[in-house]
Amino acid sequence: MLRYLPFLLVLAVWIYAFIDCLNTPEDEVKGLPKVVWIIIVLLFGEVLVGPVAWLAAGKVRRGPGAGPTRWTAPDDNPAFLASLGEGGQRDEAGLKGDEAVPKGDEAVLKEWEADLRRREEELKRRERGEE
């Protein structure tokens, strides 16, 4: 079993680099176009040249928490706390009273409601044996 370990490690690095290359946005790819990096990773994966090149030089790497999109809890986020004070009461979905149902959807909801009432009446008539 130990003799397969190097092959499995090469395969794991190859797969990781390929998936990482596919999931990386185009604007974070350095040096070459993304398609070229994918081809390099696939063609030179068996000898680890492609995956190691991708991991070392192909992507803009940032340290943890270095990006501007750092997540903060809602109770620590000043923008979220400020939004609570804006514009009235909100329901569970975070929408104000008028925004709860978009205008175009009101007609669909009324149609569904009418259809539901019609079906209920039809079931009641069947139960009474009127059909």
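Modeller: Contact here means heavy atoms within 4.5 Å, and the model we are discussing is a predicted one.

Biologist: With that in mind, what is Val 29 in contact with, leaving aside its neighbours within four places in sequence?

Modeller: Val 29 is in contact with Thr 24, Lys 34, Trp 37, Trp 54 and Gly 58. Thr 24, with its own neighbours within four places left aside, is in contact with Val 29, Lys 34, Trp 54 and Lys 59.

Biologist: Why is Thr 24 called buried?

Modeller: Its relative accessibility is 2%, and buried means under 20%, so Thr 24 counts as buried. This residue lies in the loop between helix H1 (5-23) and helix H2 (34-43).

Biologist: What makes the approach of the Thr 24 side chain to Asp 20 a polar contact?

Modeller: The side chain of Thr 24 reaches the backbone oxygen of Asp 20 at 2.5 Å, and because the limit for such a pair of N or O atoms is 3.5 Å, the distance falls within it.

Biologist: Which residues make up the largest nonpolar core?

Modeller: That core has 7 residues in all, namely Ala 17, Cys 21, Val 29, Trp 37, Ile 38, Val 41 and Trp 54. Helices H1 and H2 each supply at least two residues of the core, and the largest share, 3 residues, comes from H2.

Notes
Residues numbered from 1 in each chain as written. Predicted model: local features only at pLDDT ≥ 70, side-chain atom pairs only at ≥ 80, totals over all residues. Heavy atoms only, no water. Helix = DSSP H or I, 4+ residues; strand = E, 2+ residues; numbered from the N terminus. Buried < 20%, exposed > 50% of the residue type's maximum accessible area, 1.4 Å probe, protein only. Polar contact = N/O pair within 3.5 Å; in protein donor to acceptor, adjacent residues only side chain to side chain. Core = buried A, V, L, I, M, F, W, Y, C linked by side-chain atoms within 4.5 Å.
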